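I opened a new page in the notebook for this chain. I want to jot down what I looked up, step by step.

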Amino acid sequence: MKKKKYVILLTVFMLVFAVFTGCNKKEQNDKKNENDNKAEVTGEAQGEVTYKAGTYTGEAEGKDGLIQIEVTFSDTDITDIKIVNQTETEGLGDEALNTIKDKVLNGQTLDVDAVSGATESSDGILAAIENAVKQAGGDVEALKARETVKEGEGKTEELTADVVVIGAGASGVSAAVSAADKGAKVIIIEKTAVIGGASNLSWAGKFYNSSAALENGVKVEVEKEISDWIVNNHWRVDAAAIRQYVTKSGETYDWLAKKGYQTTFLNFGGEQLHVLPAYNTRQEILRSMLEASVVKAGGQVLTETTGKKLLTDKAGAVTGISAEKADGTILNITAKSVVLATGGYAANAEMVKELFGFEGVNGGLGQNIGEGLQMAWDIGAKVPDNIGGQMLHQTLAKATGNLKKEYTSFQASYPLMLSYLPNFMNVGPSGARFRDEASTLTAVAAANTSAFNGAYHLVIVSKAQLDLLAAKGMSGVNAPKLPGLPPEFYADFKDQFTLENPWAEVEKVFDSMVANGDGYKGNTIEELAENAGMDVDTFAEAYNNYVEATKTGVDTEFGKSSDYLLSMGEEGPYYAIVAEINNLGSVGGLLVNTKFKVLNEERTPIKGLYAVGLESEGVLFNDTYVGNGVGIGYSFTSGRLGGENAAAYALTAK
């Protein structure tokens, strides 16, 4: 009986053991299968993707042209990436290429985030690498499936400062430097890897009655300038802010010069402009300024760090910023003063269209999408009436980029140059003429008259006019002066950029423009209208009225000078150049006082919060930027003064 009982117990025990070990084995097998599955996804990422060893050439379009690279592979890895040729924006796009290249090599992955502010450049080099991977027989999709592990994911760091500046463009750097010089410990963060922002792209700034201007005998009548400014903006501006800029910007010229950022005075038809340093030196100079002031005083310069949320106390005063570093680390910076210098929202196309109705080109920085504004609005900052204001400042011909693949820069710019001359008929998308084309002689007038009439306009050119250009260059069409292109637009063909230089292969270039889809052609006026999507009757009427004006010398519709009324000839073909307007930045955003303190709905200051540069430029304009060099001049000046005020508050606040 005992033995039987023992056998039964032993049997039960063995059954239980078998069940247990079976379950355990199943669990182990399940785990193994799970790990095997993971290895299938990440194992390839660690070495199972294979290649035909060698070096392959890859290419793709970037933001500003073709990116060509050479990618070297072993049997299992991407071992080297060389950038052979590129024309991306210096100091931004070109640096993005190197950043993406390093991330691909280090992670052996194509799951790489675009560099903030240089998305098109980032996408371009990634596409070029994909091209090379395919040639080497690699699995592009497997490389894209490899998740990039952010080392800082889930980590939080705490920092403290007197002043924290969000954004390291002209205004942000100036604010950080001036605050540090006043004795504040400053931390400046920048979402991209680049210091300088839009100042790296700008041409010249306006510093009223600077010492250089006065030395050259050019003096602005201050009271008249201020009065005219206010009237021209229909009095919907902050008169005190305008006075402060006009009377104190001259000091900024000397301040910058002492810091090593030397500008060169230019008498621009009576305007006081100051040409910025050589493009390839600007970022280095600004970094040196930060090093000599901010870093030397115990502060920090943190790039690839994006502001996410303003921190406040129970009373609503700003106490710092929460940001995210490139590696995923959350960074909480406690500070007495926060200065917003995030550059507005012009790269946010939906926001621009909603607030201003503009559908043209963003010629500013791709990273300026409005986060700084949103952070301020989230804690009660006032949204001003002129929130939609934009800096419309240049005309672009979409044909230029594609033509540069086939022709010299001078030839590729034929359509662009004609869009800056008053001698050609301009019509809107419907085919209706909308302005005296002499507006093209002034950048702001040209931009705003066009933008008011649609997403683009068309410049009408006849064969007879092209023949004149081929024979005698722009002097053949009675151009009053060289087209007012920004200097960087013609820098690589300035020797050919003359009124008398004949235009070689001009009709061939225009036919290529049409073939590329960047313009239109018709053997008759009606055919041109149909091909360009214009209303045929509307365009025909406008054209006939214009031809009559060229014959009589009297423009009864818009009063265009007879000097610019150029005959269209009697025969086709006819061409239409697609011309778009370039938006350099938004100028509406936050309401500030003359200490650059951000105001709330009651128009009283939010304690500890300041805004400079484009974030605060709405105090100067009604709805649209007007002026040459004011944007960059105000950025440096508002940054200098705003930084001083932020430091004063931080060092005295309890």
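What follows are my entries, from the whole chain down to single residues.

**Ground rules.** This is a predicted model, so I noted that local features need pLDDT of at least 70 and side-chain atom pairs count only at pLDDT 80 or more, while totals for chains, interfaces and linings use all residues. Residues are numbered from 1 along each chain as its sequence is written, and side-chain values use heavy atoms, with hydrogens and water left out.

**Whole chain.** I counted 20 helices and 22 strands. Helices (H or I, at least four residues) and strands (E, at least two) are DSSP runs, numbered from the N terminus. The C-alpha atoms fill a box of roughly 130 × 65 × 40 Å, taken along the principal axes. I found that buried residues make up 50% of the 654 residues. My cut-offs: buried is under 20% relative accessible area, exposed is over 50%, and partly exposed is in between, with a 1.4 Å probe and protein chains only. I then looked at contacts, meaning heavy atoms within 4.5 Å. Of those between residues at least 6 apart in sequence, 70% join residues at least 24 apart.

**Cores.** I went looking for nonpolar cores, sets of buried Ala, Val, Leu, Ile, Met, Phe, Trp, Tyr and Cys residues joined through side-chain atoms within 4.5 Å. The largest has 97 residues, and those with the most contacts inside it are Val163, Val186, Trp229, Leu590, Leu609 and Leu620. Helix H20 (residues 630–652) gives the largest share of this core, eight residues. Apart from it I found another core, of 35 residues, including Tyr414 and Met474.

**Helix H7.** Trp229 sent me to helix H7 (residues 222–232), where Ile226, Trp229 and Ile230 are buried. Leaving out residues up to four places away in sequence, Trp229 touches Tyr208, Ile242, Tyr245, Val246, Leu620, Phe621 and Val630. Just after H7, His234 takes a positive phi of about 55°.

**H5 against H20.** Next I checked helix H5 (residues 170–181), whose axis comes within 7 Å of that of H20, with a crossing at roughly 35°. Axes here are lines fitted to C-alpha atoms, for helices over the stretch in contact, and angles run from 0 to 180 degrees between N-to-C directions. On the H5 side I listed Ala170, Ser171, Ser174, Ala175, Ser178 and Ala179, which meet H20 residues including Phe636, Gly639, Arg640 and Gly643. By class, this contact has six nonpolar, seven polar and two charged residues. Ala, Val, Leu, Ile, Met, Phe, Trp, Tyr, Cys and Pro count as nonpolar, Asp, Glu, Lys and Arg as charged, and the others, Gly among them, as polar.

**Single residues.** Is Ser121 buried or exposed? Ser121 is buried, at a relative accessible area of 3%, and sits in helix H3 (residues 119–135). Beyond its neighbours within four places in sequence, Ser121 contacts Lys63, Ile67, Glu88, Gly93, Ala96 and Leu97. I found Asn368 in the loop between strand E15 (361–362) and helix H11 (371–378), buried at 11%. Lys508, in helix H17 (residues 506–515), is partly exposed at 48%.
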